[in-house]
Amino acid sequence: MNLRRLGAIVLKELRQLRRDRLTFAMIVGIPVMQLVLFGYAINMDVRGLHAAVLDQANTAQSREVVAEIGASQVLDFRYHLASPQELDRLLREGRISAALVIPPDFEARLQRRDRPPLQLVVDGSDQVIQASARQLATYPLPGWPHLTGIQLVNFYNPERLAPVNTVPGLIGVILTMTMVLFTAIALVRERERGNMEMLITTPLSPWELTLGKVLPFVGIGLVQVTVVLLVGRLLFEVPVRGSLWALYAAALLFILASLTLGVFISTLARSQFQAMQMAFFTFLPQILLSGFMFPFAGMPKAAQWVAEILPLTHFLRLTRGIMLRSAGLADLWLELVVLGVFTLVMLGFAVARVHKRLD
């Protein structure tokens, strides 16, 4: 081995890397992003779960217990309800993750100690919330040392089966990884082969060119949704309690959002390798901040604001709501609006970039 020739090759690669600003930025950016996400944004200690109170006793003692539990900061009591029907509606719409129910005979139960004096109802469609609720059910209240045995009621997943929680989320994760990556690489490959220049010479408008490249992947995405649903049903008995058509409508909108993101990436990347790098750069925050792997409520507010921009965050709420809580699209309309706005914005950016190339 000739060390001089070897050194020349190494020096050449380093110079080429210095000229490739995107690759150099990824070398620095990905470790920094992972460090920030894991060190700052991701927190397994859940705080501030959106919650409601159904105080059917409405006594001084019951209000004192509510204040004690609220002081733990695990539950953020945003709603004071008057009926169980309101509780069901808020859980179905995903506006709360838990509810504290105080029965009318609360004080009598405290004295007799024959039945649990409190009931903690949790949204079982999220496994992280289930774990937090189990901790809260045994949380010691300083002013109430005799208050033990809070009854934990797990809505939507009473058996606490892990696949019931993970499969709805995996639909979004799989679509995110495949749709963004497939689209970005496919369009860059077309440009590398010179096919894009041929299309540019045709009378196609930027909108027609962009949509024409996106639409074939929609069918692929819907096939992937069908495969995950079938495998989840056959192997893990994961239910679809809501409308199957509503689930496919939500998936269609999410697929379009992911595809437009992939198209936008393809307009920025100059090679397939760069397209893969940029797609991976979008995967990390979506998977880590969406609530799929780590508790959303445990993140700092700044991280939650970033997560609200990401399409996977809203699709997870849609799939869990439709599949596990029997929610309809009308119940989850805000998630649909955010996905629609994201799709239009990304599509507009992509078309503007394509238009710039045409000019």
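Which residue in E2 stands opposite His50? That residue is Asp76.

The model is predicted: local features need pLDDT of at least 70, side-chain atom pairs count only at pLDDT 80 or more, and totals for chains, interfaces and linings use all residues. Residues are numbered from 1 along each chain as its sequence is written, and side-chain values use heavy atoms, with hydrogens and water left out.

## The chain

The chain has 14 helices and 5 strands. Helices (H or I, at least four residues) and strands (E, at least two) are DSSP runs, numbered from the N terminus. The chain holds 359 residues, and 47% of them are buried. Buried means under 20% relative accessible area, exposed over 50%, and partly exposed in between, with a 1.4 Å probe and protein chains only. Take the contacts between residues at least 6 apart in sequence: 77% of them join residues at least 24 apart. Contact means heavy atoms within 4.5 Å.

## The strands

Two strands pair if DSSP finds at least two bridges between them.

| Strands | Direction | Bridges |
|---|---|---|
| E1 and E2 (residues 75-80) | parallel | 5 bridges |
| E1 and E3 (residues 98-102) | parallel | 5 bridges |
| E3 and E4 (residues 119-123) | antiparallel | 4 bridges |

From E1 the chain passes through helix H3 (residues 60-71) to E2, a right-handed β-α-β crossover. A crossover is right-handed if, with the strands pointing away from the viewer, the path from the first strand over the helix to the second runs clockwise.

E3 is mostly covered, with 5 of its 5 residues buried. Ala98, Leu100 and Ile102 point one way from E3. Ala99 and Val101 point the other way. In E4, Leu120 is the bridge partner of Leu100.

## Helices H7 and H10

Helix H7 spans residues 162-192 and helix H10 spans residues 244-268. Their axes come within 8 Å and cross at roughly 35°. Axes are lines fitted to C-alpha atoms, for helices over the stretch in contact, and angles run from 0 to 180 degrees between N-to-C directions. The crossing is right-handed.

The H7 side of the contact includes Gly172, Leu175, Met179 and Arg191. The H10 side includes Phe254, Ser258 and Ile265. The contact residues divide into 12 nonpolar, 6 polar and 1 charged. Ala, Val, Leu, Ile, Met, Phe, Trp, Tyr, Cys and Pro count as nonpolar, Asp, Glu, Lys and Arg as charged, and the others, Gly among them, as polar.

Thr183 is found in H7. Is Thr183 buried or exposed? Thr183 is buried, with a relative accessible area of 0%. Leaving aside neighbours within four places in sequence, Thr183 is in contact with Thr178, Phe217, Leu259, Gly262 and Val263.

## Glu308

Glu308 is found in helix H12 (residues 301-309). Glu308 is partly exposed, with a relative accessible area of 29%. Beyond neighbours within four places in sequence, Glu308 is in contact with Phe296, His314, Arg317 and Val338. Glu308 and Gln286 are 22 residues apart in sequence and 9.9 Å apart in space, C-alpha to C-alpha.

Definitions and conventions
Left-handed = near helix turned anticlockwise from the far one by under 90°.
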